[in-house]
Amino acid sequence: MKRVLSIDGGGIKGVFPASFLTTLEESLGANPAEFFDLIVGTSTGGIIALGLGLGLSARDILTFYEQHGPVIFAGNRFVRFLRHIGLSKYSSAPLRTALESVFGDRTLGESSKRLVIPSANLDTGEVHIWKTAHHIRFERDYRARVVDVALATSAAPTYFPTHRCAAGSPLIDGGVWANNPIGVAAVEARGVLGWPADCVRILSLGCTETPIDVRWGQWYPLGWAYWGTKMADVFMRAQSSGSLGTAQHLVADRNNVVRINPVVSGRFGLDTLREIDSLRGLGASEARNALPSLRQLFFDAPAEAFVPFHSPL
């Protein structure tokens, strides 16, 4: 059996999946990453995936969010508003500093797990997916610095500036096309790694979602003043639904695709720091409820060791 972990983007709401995994870790007595053959993550989920691949415990990752989140998303509210109009809302410098404090100069090739981390290339308009060397044709990404991969996948437009990789390409957040990367995960498992449909199980962790209120748009031909503040949420929700459907189609049994993404009130935002404690509590509660069913599907035995086709010198 091949087991896949997929983690959504969501800014500081990454506290939720980090807390979820921490509770699993405490209950299992082992890092949850040890049980997965492939880990896929976008944006904040990409940072979590990279941490797991490089051997950080779920507790360490949760601590990273709690300690560095308030610094990454800090600043005077009025200044942030002014920056949001003409510039990115936040500087990437605090995020880079935080990532370097954890990852240093380590490379993607040092991951002990197969990783897939989505981003997007602004020059070409094409997707840019970072991958470990889990296929013989993946012979370059493993040399990339983990900090660069993390900055690229989390460079959310309007929130953080575009990140330029070593080759010079301008990269932005993978959330613009795969905020919920479960479909990417299923395609990688079935199409690239060639795992049989009846052998694939996928655990998908979201960062919570809020009901979308577009009732006026259903009845009236409203313009940008109405849809401008809602369109991103509509796009994200539709992408997530399509991604989940793709995954369910590519595995033999829909019950082998488990999605954990509680619907909550609108008080949780991508940069809402005051709700960190609530997100941590929600993650712990959801993990406590889900563990009995997840244990048999995903945590009966550790995954086989990952042996890459290419390794750092």
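# Reading helices, rings and buried spots in a predicted model

Reader: Let's start with helix 5 and helix 6: at what angle do they pack, and how far apart are their axes?

Author: Helix 5 (residues 93-103) packs against helix 6 (residues 146-153) at an angle of about 145°, and their axes are 9 Å apart. Axes here are lines fitted to C-alpha atoms, for helices over the stretch in contact, and angles run from 0 to 180 degrees between N-to-C directions. Helices are DSSP runs (H or I, at least four residues), strands are E runs of at least two, and both are numbered from the N terminus. Bear in mind that this is a predicted model: local features need pLDDT of at least 70, side-chain atom pairs count only at pLDDT 80 or more, and totals for chains, interfaces and linings use all residues. Residues are numbered from 1 along each chain as its sequence is written, and side-chain values use heavy atoms, with hydrogens and water left out.

Reader: Is the crossing of helix 5 and helix 6 left-handed or right-handed?

Author: The rule first: a crossing is left-handed if the near helix is turned anticlockwise from the far one by less than a right angle, and right-handed if clockwise. The crossing of helix 5 and helix 6 is right-handed.

Reader: Which residues in helix 5 and helix 6 meet?

Author: Contact means heavy atoms within 4.5 Å. On the helix 5 side you have Leu95, Arg96, Leu99, Glu100 and Phe103, and they meet Val146, Val147, Asp148, Ala150 and Leu151 in helix 6. By class, this contact has seven nonpolar, no polar and three charged residues. For the classes, Ala, Val, Leu, Ile, Met, Phe, Trp, Tyr, Cys and Pro count as nonpolar, Asp, Glu, Lys and Arg as charged, and the others, Gly among them, as polar.

Reader: On to rings. How many aromatic pairs does the count come to?

Author: A pair of aromatic rings is described by the distance of the centres and the angle of the planes. Rings of Phe, Tyr and Trp (its six-membered ring) pair if their centres lie within 6.5 Å; planes under 30 degrees apart count as stacked, over 60 as edge-to-face and the rest as tilted. By this rule the count comes to nine aromatic pairs. Take phenylalanine 73 and phenylalanine 160: their ring centres are 5.8 Å apart and their planes sit at 55°, so the pair is tilted. Phenylalanine 73 lies in the loop between helix 3 (58-72) and helix 4 (77-86), and phenylalanine 160 in the loop between helix 6 and strand 5 (163-164), so the pair ties together parts that are 87 residues apart in sequence.

Reader: Are phenylalanine 73 and phenylalanine 160 buried or exposed?

Author: Buried means under 20% relative accessible area, exposed over 50%, partly exposed in between (1.4 Å probe, protein chains only). Phenylalanine 73 is buried because its relative accessibility is 10%, and phenylalanine 160 is buried with a relative accessible area of 9%. For another tilted pair, look at phenylalanine 298 and phenylalanine 299, with centres 6.3 Å apart and planes at 55°. Phenylalanine 298 is buried at 0% relative accessibility, and phenylalanine 299 is buried at 6%.

Reader: Why is helix 2 largely enclosed by the rest of the structure?

Author: In helix 2 (residues 44-53), 10 of the 10 residues are buried, so it is largely enclosed by the rest of the structure. Among them are Ile47, Ile48, Leu50 and Leu52. Just after helix 2, glycine 55 takes a positive phi of about 95°.

Reader: And helix 8: how many of its residues are buried?

Author: Eight of the 11 residues of helix 8 (residues 182-192) are buried, so helix 8 is also largely enclosed by the rest of the structure. The buried ones include Val184, Glu188 and Val192.

Reader: Now a loop residue. Where is threonine 162 found, and what does threonine 162 touch?

Author: Threonine 162 is found in the loop between helix 6 and strand 5. Threonine 162 is partly exposed, with a relative accessible area of 38%. Not counting residues up to four places away in sequence, threonine 162 touches Leu122, Ala155, Pro170, Leu171 and Ile172.
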